[in-house]
Amino acid sequence: MKLFGSYTSPFVRHCRIALLEGQAQGTLECEFIETDIVSSGKLSPTKKVPFLTDTLYDEKNKAEEVELTDSASILMYIREQSGLTFFSSANDYNLFCNVNTVLDAAVNLFFLELKDNILPTEGSYLERHSERVLSALQYFNQQEYPTQAPFSDGELRLACFLDWGLFRKRINIDGLDNLQALLKAARSYDIFAQTAPPEGA
Ligand SMILES: N[C@@H](CCC(=O)N[C@@H](CS)C(=O)NCC(=O)O)C(=O)O
């Protein structure tokens, strides 16, 4: 199995966490291939990371190539290969989907500013993206989360988003006590800590 991605992407981080959790369960071999925006532009149809390739063999030793180009399908595959459940409730899947929505908005705002110097104040739809991030943070803060591992995939996705948002200075969670508590709990989970974006990246 080969996972292509960056060490800073929150989408890739969640997949790396699932890989480490799978490896803790048994033998799950995977090579991580660091991939920049130029390579993902050539190698993925959506021009994004992560993407994954693998070769599966059936009982007659016939090979089947696996090519996955979204973190959600990659996570499903890694969880299946590890013998673990991907989602066990619609509520947790809803959390995962909602975090994806705001993560997409926040990542878009980040790249627009970084690459084109376009600020959220420069368009009403960009402002809506900013508002979406703010209102979703309030919404995510309405519930309590576990104080230690194991975390569900919805919770891991949220923790990856929060850590990325703080790392890139895209969000502020002062006063959002349930989110602060989740992040504190996730950061004290060794597998989450091992996959943190490198300082200065
Ligand atoms: N829906 C995708 C989103 C992945 C994504 O947005 N990746 C970002 C990095 S955090 C990316 O590769 N962006 C490059 C670009 O937008 O060109 C997934 O879940 O895998």
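In this predicted model, Lys47 is located in the loop between α2 and β3. The phi angle of Lys47 is near 60 degrees, which is a positive value in a residue other than glycine. Most residues other than glycine have a negative phi, and most peptide bonds are trans. The loop between α2 (37–43) and β3 also holds Pro50. The peptide bond that leads from Val49 to Pro50 is cis, with omega near 10 degrees. A cis peptide bond is likewise found between Ala149 and Pro150, where omega is about 5 degrees. Pro150 belongs to the loop between α5 (124–140) and α6 (153–167).

Lys47, Val49 and Pro50 are among the residues around the ligand. The ligand itself sits in the largest pocket.

A polar backbone atom of Val49 is 2.9 Å from a nitrogen atom of the ligand. For Asp70, a polar atom of the side chain lies 2.8 Å from a nitrogen atom of the ligand. Ser71 has an N or O atom in its side chain that is 2.5 Å from an oxygen atom of the ligand. On its own, the ligand has 520 Å² of accessible area, and the protein covers 82% of this area.

A pair of aromatic rings is described by the distance of the centres and the angle of the planes. One of the pairs is made by Phe4 and Phe51: the ring centres are 4.6 Å apart and the planes are at 10 degrees, under the limit of 30 degrees for stacking, so the pair counts as stacked. Phe4 lies in strand β1 (residues 2–5) and Phe51 in strand β3 (residues 51–57), so the pair ties together parts that are 47 residues apart in sequence.

Another loop, the one between α6 and α7 (177–187), contains Asn172. In the side chain of Asn172, a polar atom lies 2.8 Å from the backbone nitrogen of Asp174. Asn172 and Leu134 are separated by 38 residues in sequence, while their C-alpha atoms are 8.9 Å apart in space.

Note on methods
Residues numbered from 1 in each chain as written. Predicted model: local features only at pLDDT ≥ 70, side-chain atom pairs only at ≥ 80, totals over all residues. Heavy atoms only, no water. Near = heavy atom within 4 Å. Polar contact = N/O pair within 3.5 Å; in protein donor to acceptor, adjacent residues only side chain to side chain. Areas by Shrake-Rupley, 256 points an atom, 1.4 Å probe, with all protein chains shown as cover. 1 Å grid on protein atoms, 1.4 Å probe; cavity = no way out; pocket = protein on both sides within 12 Å on 5 of 7 lines; lining within 4 Å. Sits in = over half its atoms within 2 Å of the grid points. Phe/Tyr/Trp six-rings, centres within 6.5 Å; stacked < 30°, edge-to-face > 60°. Helix = DSSP H or I, 4+ residues; strand = E, 2+ residues; numbered from the N terminus.
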